[in-house]
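Open the model in your viewer and keep the selection tool at hand. The tour goes from one stop to the next, and each stop begins with something to select.

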Amino acid sequence: MTDTTSETLHDVTVSVNGVRHSATVPARRLLSDFLRHDLELTGTHVGCEHGVCGACTVLVDGAPMRSCLMFAVTAQDHAITTVEGLCSAPDARVAPTGESMNPVQQAFAECHGLQCGFCTPGFLTTVTAYLDENPSPTSEQAREAISGNLCRCTGYQNIVKSVLRAAEIRAERAGSDVTTEEQA
Amino acid sequence: MTTQMFGAPIRRKEDPRLVTGGGRYLDDLGHDALAAAFVRSPHAHARIVDIDASEAIEVEGVVGIYVHEDLPGRVGEPLPLLIPHPTLTHGRTGYALAKDEVNHVGEPIVMVVATDRYIAEDACQRIRVTYDTLPVVVGIEAARSGELLVHDDVPDNVAAHMLQEVGDVDAAMAAAPHTLTLDLDIERSACMPMEGKGVYARWDRDRDELRMYSSTQTSTGVRAAVAAKLGLPLAKVECIAPDVGGGFGVKIVHPWPEEVLVPWAAILLGRPVKWAEDRREHFISAAHERGQLQQVTVGFDDEGHLLALDVKLWHDNGAYTPYGIIVPIITSTQLLGPYKPGTYRCEFWSLYTNTVLVTPYRGAGRPQGCFAMERTMDAIADELGLDRAEVRSRNFILPAEMPWDHGLLFQDGRPLKYDSGDFPASLAKLKQLVGWDDFADYRRQAEAEGRKVGLGIGCYVEGTGVGPYEGGHIQIETSGRVNVSTGLTSQGQGHETVFAQIVAQELGVRMEDVFVTTGDTRKMAYAVGTFASRAAVMSGSAIALAARNVRAKALRIAADALEVSPEDLEIVEGTVRVKGAPATSMSLGTVSVLSNPLRYAFDEAAQAATQFAGTFDPDKPPVADDEEPGLEGKDFYSPTQATFANGMHAAIVETDPVTAEIRILRYCVIHDCGTMINPMIVEGQVHGGVAQGVGGALYERMAYDESGQLLNASFMDFLMPYASEVPTIEADHLETPSPLNPLGIKGAGEAGCIPVSAVIASAIEDAEGFPITRMPISPYDLWELRRRHADGEIPSLHRLSRTSSKEPTA
Amino acid sequence: MKPAPFEHQAPLTVEQAVSVLTEVGYDGKVLAGGQSLIPILNMRLASPGHLVDINRVAGLDTVEVTPDSVRVGALVRHAGLERSESAYAVLPLLRQALVNVAHPAIRNRGTTVGSIAHADAAGEMPAILALTDGVVEVAGPAGSREIAWSDFFLGALETSLAAEELAVAVRFGRFPDGTGTAFTEAARRHGDYAMAGVGVAVTLADGVVSAARASFVSVTDVPSVLDLAPALGGVEPGTSAWDSALDDAAEAVRGHVEPEGDIHASADYRRMLVTELTRRVLPQAADRAGASDD
């Protein structure tokens, strides 16, 4: 049993959404809690704290990872992207129109890809990274891409649709004429 | 004319906020709050001998540690039994913190408040509780045997025993040419919203006021419960449901222990306190549902018409009954679905077990009832060698027979009387969609390839929009902004959007000018809550009525100012104008200014309104006796009874001939929830419901061992489906308006999940050729059934002896 | 569900890591990807006093292809190995198995060496180490040593790695030319721990099987390799003899595995399942062997 006196604290500096943030936290501070409670970036949600649900997924150096399965101290000097950092608006909370959202965010809003919205940030980060590598997925591939995240509201069908629509929006914004296959 | 808003697939107003990280869920609030954590019972049944917190007190950062003895007055009394019922003769509820005895693993015993959750958990780990363990009752058979008791003073573990009978069942059964008996079994699952429960409370010393937030489906209910428990005037307690990350029923129960304890501690300590339930806590100390054993005896004639239906249900209600016996009552009434039973008797026993308590989960007893009825329909078809859809249609209540009174009392204590529905039309649509009549060919083809496939069907009727009431309040600001509030809460159903659609349509304003608030007791003190697929029906209707009031008032004021008759006016996109002479107009913002005699020119609308100031009558007061200042309207909707939605689903499944793995190849839905406000949202609700149904049919169960430990209390082992497990859902709609409410709408929230277990069981049975009587079913379960079938323990379906692979047709 | 307190140690070299591990002994746990460890910590099923976080140790993040092995450093993430074209070119079995490890977000963080050191019988990569006749490279206070897979796995979640030792890399052995491999598993949900899984390697010479082996997931308490040559040796895939040889192979598997039942499936079901999976996956491996044998 560890003693009851204060824990060793660590100065952690992480780049989040392009901005350097520092906080002094114990070694056991989960990255999810660090983002949410120390940096007050509450867009990242915590659904299970054992890595299964994917609600807490953030991008670490561009790759989706579970922030509940990382310690803040281990994220030292890495670049994190949260849902707040996906859109181009200076303040994500007031992004009112499609243009200030990234293609994935816009697609989810267009296709009713969310209901309660709690799991959504984890889907958005996952899909954003996925489309960077797979810009024109088929419907089946889109379904597979989201199969590591749990959603209890939507039945996933409109999320699959959102992934395909996001690929279209990306292509439209890039001025390309690449289209994805019709939603099944 | 204003663009049609009502009935259109309008994009949700919520989403720009929610997709950019702007949602504010319970644990996103109160970064300065202390954190609560709980020591919960590791035993399913035990006496608490001693609690030693001496080591925990030393943990730096601990602010308070509380046990039952610390709870004053009503805080320490049993939690309320929310919905009593005459047949609930032995209702029992727990305490906010266990007193002397625990009755399920997870029951809270000690609350620790500390500077953060990590430290609170450190302290919990150091608290030593000594228990005398007691014999444990797990499972319905054990409860039913009554050999061991959950509560010493509840004989045979029976919380409630209820019987309803319509007609002379015994006589009809005796006279029936055919009878069958089915023994059926449905296991537990749970709502499992992605966000657990949570409570955050702040005490304002300067005003002696409590502000609390709860991830709840009823903020008005929580407010009243907490005020009563803490002995506070209602006026000094406010409760707000912030963004809520899913509910599905579990958050309608109130007050949860934490909803009492967290505000109590916040007042005691004079500091904000927060508790955010973690996933393990949600598994073992929230609520489950579904577990029932059922016995159906049915009598029918040669054509498959029902003559007598005699049903016995044994319902597992867990350790306590704070939410009464709503679930088995619903099972026993909604079991009848779209059918005329001839004569009907349903008897149920609601039984205590040493497990997490059972309260409504989406569908709320209907999935079990549908399972019983639909398994029975398939059994009749098999017995008589008839087509399964045909047997169903022969027993349908027909449109001309509406309204149809079953002669039973529904969950709201009112008659079970269907208001509308066109079941034959629904069935025809479903058969068309799934290709019912072509399936025999498909099966032959599949069999030739060595594949096993089956077709299943399930029909249901869902009572939605139960009372007693909801309210709507609408206020138009001088800027033209339309503020709408209703008291019930939102958990993702898109209320901000659909209620705005109603207001936009009724009032003639733009969607973007409408702002909807739900679940905030500061805005609407009288409300019931979000359950029983009631939000659209109840609040939607109330808001429509309120909008009509506001519209009438706006027209009255504008008519006066424009010196025309109200009948000559219309409201288009927020402007009141003369029909046929649109230049003669004023904005609703201006009407709002005119509605208030205190008319400081703070803004442009007020300045513009001065031109309409006109003359006033010095003999009349500025606000007439029958008027109020402000462009506001409020109304309540309170129906005489529920409105009944319905639906029919069909699925094609494939089972692996060797490994017994089960795959859903197609899933088809016909859904009738009356007039749709927003088809996109209705369809989303159907998708989500079906996915939960698929979870309940093929993946989710609560695996208790005999000592009452929940073996799969994690997302690793409680198998909620991912996208990879949910089929693409093909949905179509029928719109049979309800005659009961001003909008013709029926509830849609819960429908999707109701028939899924019945449909999948029907399809697997069809693929395998032997009866499926227990759900959920895993590949392993199916493999075991095949083995028992091969050993002769389970009989084959009759159809196998009549025809090899062809669906018999009538 | 928050972890208990621990001291965070962040060595920068293998030597420092070994020295810290030596100091903290059994009160220490190595943190690499943490995808198996951190859930256990969050649930407080374990509360080590020290976490030796090797994420900043230099030189552990490389995949090297040598003439007889693919060497994977302790900080190579599953996803990194999965994407390595050079590793795939010489040992496609790695990617064939890795795509079954949990979900992509977990593979982006979790390390292959870490999952082998975790020694979960339900893990894919321990079975693959066994199937490839692999070796674990270990650094300890007394210097480096190598542990053959068969000496490494002692029991469920138990290895011969000492508390003061660090697994710095594993080497997966390469198969001879003419070998085809395949991996399959059945899980309740896509990405879950498998109810049963099997990897196979089939070598053809002159069109007939000259060597064949299999290893298993979730049906043996430690990774083990079953020699299928007695069943398949000398048989030409696709012939009528092949079908009965597959039956023999399946029977050999049935006799070899020792599954345990749990809430998801009984021991008997898992035995049936792995037998059937083997039967289904062997032809795939043989096809691939045939393609490379041509």
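## Two helices of chain B

Select B:His495, B:Val498, B:Phe499, B:Ile502, B:Val503, B:Glu506 and B:Leu507 in H14(B); they meet B:Ala535, B:Ala536, B:Ser539, B:Gly540, B:Ile543, B:Ala544, B:Ala547, B:Arg548, B:Val550 and B:Arg551 in H15(B). By class, the residues of this contact are 11 nonpolar, three polar and three charged. Keep in mind throughout that the model is predicted.

Now show both helices whole. A pair of packed helices is described by the angle between the axes and the distance between them. Helix H14 of chain B covers residues 495-508, and its axis lies 9 Å from that of H15(B), at an angle of about 30°. The crossing of H14(B) and H15(B) is right-handed.

Which residues is B:Val503 in contact with, leaving aside its neighbours within four places in sequence? They are B:Ile474, B:Val482, B:Val484, B:Val509, B:Val514, B:Ile543 and B:Ala547. Two of these, B:Ile543 and B:Ala547, belong to H15(B).

## Where chain B touches chain A

Select chains A and B. Here 47 residues of chain B are in contact with 54 residues of chain A. On the chain B side, helix H1 (15-18) and helix H18 (679-699) each supply at least two residues. The largest share of that side, seven residues, comes from H18(B). Sorted by class, the chain B side has 21 nonpolar, 15 polar and 11 charged residues.

## Inside chain A

Between them, 17 residues of domain 1 are in contact with 12 residues of domain 2.

Pick out strand S3 (57-60) and S4 of chain A: each supplies at least two residues of the side of domain 1 that touches domain 2. S3(A) gives the most to that side, with three residues. The domain 1 side is made up of eight nonpolar, eight polar and one charged residues.

## Where chain A touches chain C

Bring chain C into view. The contact joins 23 residues of chain A to 24 residues of chain C. Strand S4 of chain A (residues 63-66) gives the most to the chain A side, with four residues. By class, this side holds eight nonpolar, 11 polar and four charged residues.

## A loop residue in chain C

For the last stop, select C:Asp120, in the loop between helix H7 (112-118) and helix H8 (124-131) of chain C. Why does C:Asp120 count as partly exposed? The reason is its count of 16 C-beta neighbours inside 10 Å, because a residue is buried at 20 or more and exposed at 12 or fewer.

Not counting residues up to four places away in sequence, C:Asp120 touches C:Ser36 and C:Leu157. Finally, select C:Ala201, which is 81 residues from C:Asp120 along the chain; their C-alpha atoms are separated by 22 Å.

Terms used. Residues are numbered from 1 along each chain as its sequence is written. Chains are lettered from A and ligands numbered from 1 in the order in which they are written. This is a predicted model: local features need pLDDT of at least 70, side-chain atom pairs count only at pLDDT 80 or more; totals for chains, interfaces and linings use all residues. Two residues are in contact if their C-beta atoms, placed from the backbone, lie within 7 Å. Ala, Val, Leu, Ile, Met, Phe, Trp, Tyr, Cys and Pro count as nonpolar, Asp, Glu, Lys and Arg as charged, and the others, Gly among them, as polar. Axes are lines fitted to C-alpha atoms, for helices over the stretch in contact, and angles run from 0 to 180 degrees between N-to-C directions. A crossing is left-handed if the near helix is turned anticlockwise from the far one by less than a right angle, and right-handed if clockwise.
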